[in-house]
Amino acid sequence: MSKYQMFAPALPNIPWQEKPACSINSPLWRYKDNPIIGRNPLEGVARIFNSAVMPYGEKFVGVFRGEQTNGVPYIYLGWSRDAIHWDFEKDKIPFVDEEGKPFMPIYAYDPRLVRVEDTYYIIWCQDFYGAAIGVAKTQDFKTFVRVENPFLPFNRNAVLFPRKVHGNFMMMSRPSDSGHTPFGDIFISESPDMVYWGRHRHVMSRGNNWWEGLKIGGGAAPIETSEGWLLFYHGVTNTCNGYVYSIGGAILDIDNPSIVKYRCQNYLLTPEEWFEERGFVPNVTFPCATLHDPDTGRIAVFYGAADSYVGLAFGNLDEIIDYIKDNSKVTADDTEIGRR
């Protein structure tokens, strides 16, 4: 019997591999046939990475960062029956405005995909006279209507919660600069209508741990559990050979998610395999999505690897939460309400 509960629709066809005997030092383990998406996945696209997936009917749907051969990133749609082998639509997602007229961003990257009630939201980073957040909504994955930009530049790594809290939408983001941002904390904002955003709160500062000492940012949409919101996020350190991106874990208060209850001082995944260490941007593991099944406690984490590939890792809810709690170290910035 599970120690903790996960509140989400059942997903009996979640991709899964059992934990290998050699897996140590983390509650996550990698899919043995990684990467699940390699280079040159479709015509005109050199690399797919930092992408998000979720169930849709009997299949899985995904929004994928496709780095075109001309170097400009856009978002592409993909479909799969097992969430491992993907077929991609050859054209970019055709975003429109609220009048149905074409409204394509200049560029778009690092998408997240979240369902709130009966609507699916795609959130990405784009140009809004500087790096900022773009949002679109769909109910059928045929029509994609852009909504208002939630925040001013400069901002990245927006992650929407999968349900409203106290009647409002909740979105995490990471204020940044126009470059590679050698700083960054996670903040949270709320909105009654996905148009007007306010009540901004600080969630987490960059950590004192070596792997997240430079900056942090939101990753996959939080998972609602009996212990709180389970968050997979990315942490960055700077080395003599450049940035290293690792995956971390935290648990946020269920009613006030600007409060961090537990924060793991160890990374959950860090670049170790060839496809994580070697690529267009080496030494990157960047979480963007999870699939999760409450009946079994199984969690599948999808992550970008070295800005070149998509990787897949697995974990069990009980083991992940226990590991985060057993290795938790929170600061005053983490545990306060985040308002000053």
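In this predicted model, the structure holds 23 aromatic pairs. One of them joins Tyr56 and Trp79, whose ring centres lie 5.9 Å apart with 55° between the planes, an arrangement that counts as tilted. Tyr56 is partly exposed at 23% relative accessibility, whereas Trp79, at 18%, counts as buried.

A further pair is formed by Phe64 and Trp86, and because the planes of these rings stand at 70°, with the centres 5.0 Å apart, the pair is edge-to-face. It also links distant parts of the chain, with Phe64 in strand S3 (residues 59-68) and Trp86 in the loop between S4 and strand S5 (87-92), 22 residues apart. Phe64 is buried at 2% relative accessibility, and Trp86 is buried at 11%.

Tyr56 and Trp79 also take part in a cluster linked by ring pairs, together with Phe95, Tyr120, Trp124, Phe141 and Phe144.

| Charged residue | Ring | Distance to ring centre |
|---|---|---|
| Arg47 | Phe280 | 3.8 Å |
| Arg146 | Phe103 | 3.9 Å |

Turning to the strands, an open sheet with mixed pairing is built from five of them in the order S6-S10-S9-S8-S7. Strands S6 (95-96) and S7 (108-116) stand at the edges, and because each has a single partner strand, one side of each is left without a neighbour in the sheet. Within this order, strand S9 (residues 131-138) pairs with strand S10 (residues 144-146) in the antiparallel sense over two bridges, and Lys137 stands opposite Val145 in S10.

Which residue lies in the loop between strand S13 (186-191) and strand S14 (198-204)? That position is taken by Val195, which counts as partly exposed at 30% relative accessibility. Val195 and Phe286 are 91 residues apart in sequence, and their C-alpha atoms are 28 Å apart in space.

The cysteines remain to be considered. With a disulfide taken as a pair of cysteine sulfur atoms within 2.5 Å, the count comes to zero. For Cys288, the closest cysteine sulfur is that of Cys125 at 12 Å, which is too far for a bond. Cys288 is buried at 2% relative accessibility, and Cys264 is likewise buried, with a relative accessible area of 0%.

How values were computed
Residues numbered from 1 in each chain as written. Predicted model: local features only at pLDDT ≥ 70, side-chain atom pairs only at ≥ 80, totals over all residues. Heavy atoms only, no water. Pairing = 2+ DSSP bridges. Helix = DSSP H or I, 4+ residues; strand = E, 2+ residues; numbered from the N terminus. Buried < 20%, exposed > 50% of the residue type's maximum accessible area, 1.4 Å probe, protein only. Phe/Tyr/Trp six-rings, centres within 6.5 Å; stacked < 30°, edge-to-face > 60°. Lys NZ or Arg CZ within 6 Å of the ring centre and 35° of its normal.
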